[in-house]
Amino acid sequence: MTTETHSSTEHGMSNAGYVKIALILAAITALEVATYYVDFGPLFMPALMIMMVVKFVVVVSYFMHLKFDNKLFTWVFYAGLFLALGVYAVALATFHFFS
Amino acid sequence: MWFTLAEHAVITAGEHDTGHGDHHTSTGLSNNKLGMWLFLGSECLLFGGLISTYMLYRGRVGEGPRPSQVFDIPFTSVSSFVLLMSSLTMVLAVSAAHKGDDRNTNLWVTITALLGATFVGGQVYEFTAFYNEGMGFTTSLFSSSFYVLTGFHGVHVTVGIIMLMSIVGIMKRSKTPGSKAETVEMIGLYWHFVDVVWIIIFTLIYLVPA
Amino acid sequence: MAIIERPPSTEVATPATPSSSLGALKRPVSTTGWKSWVFTVDHKKLGIMYSATALFFFIVGGLEAVLIRLQLAAPNGKVLNADLYNQMFTMHATTMVFLFVMPMAAGLANYFIPLQIGARDVAFPRINAFGFWAFLFGGIFINLSWFMGGAADGGWFMYAPNSGPVFSPSHGIDFWTLGLQITGIASLTGAVNLITTVLNMRAPGMKLMRMPIFTWMQLVVQFLLLFAVPVITVALFLLSFQRNFGATFFDVASGADPLLWQHLFWIFGHPEVYILILPSFGVISEVLPVFSRKPLFGYPFVVFSGAAIGFVGWGVWAHHMFASGLGPVSVAVFSVATMAIAVPTGVKVVNWTMTLWGGKLEFTVAMKFAIGLIVLFTIGGLSGVTHSVAPSDTQQTDTYYIVAHFHYVLFGGAIFGLFSGFYYWWPKVFGKLLNEKLGTWNFWLMVIGMNMTFGPMHILGLQGQPRRMYVWTEQRAGEGFFNLGFWNTFASIGSLILTVGVLLFLINIVITARNGKIAPLDPWNARSLEWMTSNPPKEHNFDSIPTVSHLDEFFHRKYQEDANGQMVQVKTAEQVLKELEDNADAHIHMPSPSYWPIIIALGLPVIAFGMIYSIPISIVGGVIVLFGVYGWAIEPSTAPDDDFDPPTTTKDVVHVG
């Protein structure tokens with residue numbers, strides 16, 4: 001909260017940059033769908049999870065500007081996200097969801 | 001579901017509380033943006049709860065169909081792709097808005113709304129198809145939790161579409177170009193969030209076998 | 001809507017000329033009469049409205065409690081039948097938690113956070129107004145069930161299967177679910193608003209570590225609300241869909257897991273406990289230093305222990321579920337976490353005690369309630385630690401021991417803290433001092449009444465009297481010291497004394513309003529910014545926004561260190577205030593009143609009615625909401641400069657909100 005921001009003047013990227021990112025996202029989505037048809041064996045779950053997380057982080061960081069914006073935004077958003085992850089994972093664990 | 005609408009509308013419309021652009025806040029950050037991020041942080045707990053409920057119940061199909069029997073992966077992949085691309089058009093709208101280019105802002109906002117509407121249309125089609133295959137809302141725990149989760153997401157997208165259409169109208173009324181840039185940015189944040197929620201739903205609900 | 005010409009006059013409120021919005025509705029402009037309250041966006045008026053409404057619900061909840069105690073006062077009680085008894089305890093808890101303590105704390109937050117951080121209003125004044133109306137309508141909606149076939153009767157945590165249509169066929173739980181959904185919206189929007197306010201609206205120099213503890217604790221509370229409310233929202237939606245649309249989320253016969261509800265409820269419910277208590281911790285952390293004539297002992301520790309409670313509060317929810325067969329690992333983990341959370345709470349108790357140590361104590365009523373909190377909360381806290389030991393908790397679950405515990409922390413803790421705040425801040429809000437003599441009676445009767453009511457419940461519980469039991473009989477009451485009949489009667493007498501105590505407070509309000517003593521500017525020789533303004537504050541709070549250079553800024557403006565290192569008074573409160581007035585801002589444009597917050601909030605109960613009775617009604621409600629939202633979106637929050645009377649075009653206009 002201490003920082004003086006360079007607020008809304010700086011918006012990170014050019015339109016071409018956004019298009020590039022969208023293409024990357026599209027490619028990952030294609031790969032995700034591919035896992036449904038091609039057998040990835042033991043890599044299946046980890047690969048799928050990693051791709052999901054990558055897509056999530058890319059959209060949040062670039063399209064939502066978290067990477068360029070004040071860190072406070074990142075804090076409040078990820079606080080909610082990790083809190084959700086934590087409490088719900090524990091709750092599911094008590095139902096033996098992961099075993 | 002109407003509640004969600006009211007809540008979102010109030011939070012997003014809250015942005016309008018800056019009658020007079022220039023603000024000197026303690027952090028130097030805009031009230032509206034901070035408010036929106038707080039709200040999105042809170043939404044993580046909402047969708048987390050719905051996703052967890054689905055996860056717990058996805059295998060409990062009773063007499064009804066199993067997830068793998070009803071899911072149409074190619075179809076959902078296409079609509080996921082549509083929603084993903086609407087994030088691109090949204091970001092282009094925000095970018096144009098910050099340049100004070102109202103014409104292009106309007107254009108990209110409209111395209112985003114159309115892509116969103118395509119997604120919701122796809123969801124309506126999907127729900128109808130599932131229903132015809134014998135999967136009603138009360139058929140099984142799986143079906144109820146599936147419809148609640150994806151339904152909530154659909155409501156979010158719909159609220160987003162309403163906001164996008166409204167901002168087009170509001171921008172037409174405004175005299176100074178670019179004056180609604182922050183509102184567009186705010187709706188953009190909401191829109192992208194709805195998109196990232198779908199990224200998770202698509203993977204966890206559709207691609208991971210129950 | 002105030003325009004201040006230099007020099008500032010006492011006549012602050014000059015109405016703006018009407019501004020049209022949506023082409024149809026003109027802005028409300030009344031500065032007097034009921035319209036100035038109903039359409040206000042002023043944080044102080046809203047704070048008073050929150051608190052007044054909460055006080056009303058406190059009386060409602062209190063009457064419900066008295067009926068419960070009357071039913072249990074003698075064997076074979078005939079005051080209530082079993083069904084009505086179930087409704088009574090469910091609604092007593094619901095009212096006290098959601099319609100009294102939470103909104104009362106929200107009222108104090110609304111009123112005092114902007115003042116304490118040196119702001120003129122909150123970040124989103126209209127959202128603030130909306131929040132109040134949503135809370136009010138939600139509260140009324142829940143209570144309407146009394147007149148429409150019976151209130152909710154499943155207990156305040158509404159476990160399955162009691163919450164299902166088989167065990168609760170009336171519409172009570174539907175009203176309860178949807179009403180809490182509406183008050184939940186109020187809490188969530190309030191949280192977004194107040195967090196933004198605290199982070200963004202602080203006066204120059206008001207660093208986070210210079211903020212008064214009350215503001216700090218409220219900040220933690222608002223974060224807890226921000227993240228906890230959506231969890232109960234999910235749970236309530238699932239329950240609604242089960243009751244109204246035939247889903248089976250918590251129906252064991254259909255293969256569901258009833259523990260899902262318990263998890264969702266307590267993931268919300270345990271942070272909720274801290275949502276209830278932390279505001280009161282904040283209040284007494286203001287009161288104790290003022291009446292000890294010492295700064296708060298270990299300010300950073302009080303701040304960080306509050307934040308730590310907020311954080312660890314997320315990892316202890318399952319201790320409410322030890323008896324549900326979670327398995328040894330879960331029970332062990334949550335046991336340890338629960339013991340751990342006692343540590344930051346203990347840190348606070350130590351800090352308060354050390355604040356008193358060596359101080360020039362002044363036993364005003366506010367101070368008495370604050371000390372009452374320390375003692376009574378500690379008792380409740382210690383019985384809480386006994387629950388963290390799972391084997392003993394298994395014994396205590398669903399007995400009166402639990403009832404004793406949470407009334408010590410909630411009545412002895414949260415409510416005593418709020419009462420301390422009433423007596424401390426009354427002169428600030430209303431310009432008159434509450435009667436101290438009557439207040440002392442108020443305090444002692446509440447202390448005696450509360451200990452007589454809830455103290456014996458420890459014994460009752462350990463003797464095995466189950467919670468929520470609607471009747472007891474002489475044959476099964478036992479003998480000697482542990483005779484359940486004696487202690488039940490004793491507790492019921494205590495509850496009547498408690499009632500008289502609370503009644504004295506209400507009488508005190510009336511007497512003070514009629515002919516109370518006009519409060520001096522700085523009646524308590526206080527320390528924080530909310531006292532650096534008139535009583536009651538002007539609409540724009542501060543004539544000029546103060547620049548803050550200390551924790552306890554107001555105190556440091558009045559007192560400075562002399563050559564010997566002694567704090568000596570260098571200025572009176574009047575002189576400090578005069579300085580602010582001399583530098584008054586020329587034109588201050590406050591956020592303008594608005595019709596839209598109440599219109600949108602009005603749509604919500606209509607939607608809820610429709611969900612219970614007929615969907616078309618919901619659509620009408622939805623249209624009202626939509627109409628309100630558009631009106632809101634099109635209307636600027638502060639009227640345009642040329643809309644003020646006289647129109648201002650100068651550059652030195654200060655805009656708020």
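Guide: pLDDT is the predictor's confidence in each residue, from 0 to 100. This is a predicted model, in which local features need pLDDT of at least 70 and side-chain atom pairs count only at pLDDT 80 or more, while totals for chains, interfaces and linings use all residues. Residues are numbered from 1 along each chain as its sequence is written, chains are lettered from A and ligands numbered from 1 in the order in which they are written, and side-chain values use heavy atoms, with hydrogens and water left out.

Visitor: What is the average pLDDT of chain B?

Guide: Over residues 15-22 of chain B pLDDT stays under 50. In chain B, 89% of the residues score at least 70, and the average is 88.

Visitor: How many residues of chain A are in contact with chain B?

Guide: Contact means heavy atoms within 4.5 Å. By that rule, 44 residues of chain B meet residues of chain A, and the number on the side of chain A is 43.

Visitor: What area do chain B and chain A bury between them?

Guide: The size of an interface is often given as the accessible area lost when the parts come together. Buried area here is that loss with a 1.4 Å probe, summed over both parts. For chain B and chain A, 80% of the buried area is on carbon and sulfur atoms, and the total is about 4000 Å².

Visitor: Which residues meet in a salt bridge between chain A and chain B?

Guide: A salt bridge needs a side-chain nitrogen of Lys or Arg within 4 Å of a carboxyl oxygen of Asp or Glu. The rule finds one across this interface. Its N to O distance is 2.8 Å, and its partners are A:Asp69 and B:Lys33.

Visitor: Which helix of chain B gives the largest share of the side that touches chain A?

Guide: Helices are DSSP runs of H or I, at least four residues long, and strands are runs of E, at least two long, numbered from the N terminus. Five residue pairs are in polar contact across this interface, both at pLDDT 80 or more, where a polar contact is a pair of N or O atoms within 3.5 Å; within protein, one must be able to donate a hydrogen and the other to accept it, and residues adjacent in sequence count only if both atoms are side-chain atoms. On the side of chain B, the elements that give two or more residues are helix 2 (31-57), helix 4 (73-98) and helix 7 (181-207). The largest share, 13 residues, comes from helix 2.

Visitor: What is the relative accessible area of B:Glu182?

Guide: B:Glu182 lies in helix 7 of chain B, and its C-alpha atom is 9.2 Å from that of B:Ser30, 152 residues apart along the chain. Buried means under 20% relative accessible area, exposed over 50%, and partly exposed in between (1.4 Å probe, protein chains only). B:Glu182 counts as partly exposed because its value is 24%.

Visitor: Which residues of chain C lose the most area to chain B?

Guide: This contact takes 62 residues from chain C and 47 residues from chain B. About 4700 Å² is buried, 73% of it from carbon and sulfur atoms. Together giving 12% of what the side of chain C buries, the residues that lose the most are C:Asn200, C:Phe237 and C:Phe249.

Visitor: Which residue of chain C is joined to B:Arg60 by a salt bridge?

Guide: Across the interface of chain C and chain B the rule finds one salt bridge. The N to O distance is 3.3 Å, and the partner of B:Arg60 is C:Asp257.

How values were computed. Buried area is the accessible area (1.4 Å probe) that two parts lose on being put together, summed over both.
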